[in-house]
Amino acid sequence: MSGSRSSSPNSNSGWSRKENKMFEEALAYYGEGTPNLWDKVSSAMGGIKSAEEVRLHYEDLVDDVKMIESGRVQYPKYKTQGFWTRG
């Protein structure tokens, strides 16, 4: 990874909610150690994103998490209440 390609903490601007959900489900199904992971995730998404776009999206999300965890970006405030809400 060569630095974040996102211009803001939200790197999802080029991805719809549906695409993100498909990405998350495919990544969870295959797991991070799977050979040809990005090709498989792309295929599971119906080919709407290339394997390279999928890989870059994953790397952007990893970079965003690292920035949040390091305190360089404020932890997002969610509108829902419950176990996952910080505050």
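Predicted model: local features only at pLDDT ≥ 70, side-chain atom pairs only at ≥ 80, totals over all residues.
User: Glutamate 59 and arginine 55 sit four residues apart in helix α3, about one turn of the helix. How far apart are the closest N and O atoms of their salt bridge?

Analyst: Residues are numbered from 1 along each chain as its sequence is written, and side-chain values use heavy atoms, without hydrogens or water. Helices are DSSP runs of H or I with at least four residues, numbered from the N terminus. A salt bridge puts a side-chain nitrogen of Lys or Arg within 4 Å of a carboxyl oxygen of Asp or Glu, and for glutamate 59 and arginine 55 the closest N and O atoms are apart by 2.7 Å.

User: Which residues are linked in a network of salt bridges?

Analyst: Arginine 55 also forms a salt bridge with glutamate 52, at 2.5 Å between the closest N and O atoms. Those two residues are three apart in α3, so about one helical turn separates them. The linked residues are Glu52, Arg55 and Glu59.

User: Is glutamate 59 buried or exposed?

Analyst: Buried means under 20% relative accessible area, exposed over 50%, and partly exposed in between (1.4 Å probe, protein chains only). Glutamate 59 has a relative accessible area of 14%. That makes glutamate 59 buried.

User: Which residue's side chain meets lysine 49 in a salt bridge?

Analyst: Lysine 49 lies in the loop between α2 (37-44) and α3, and its partner is 30 residues away in helix α1. Both residues are buried. At 3.8 Å, N to O, the partner is glutamate 19.
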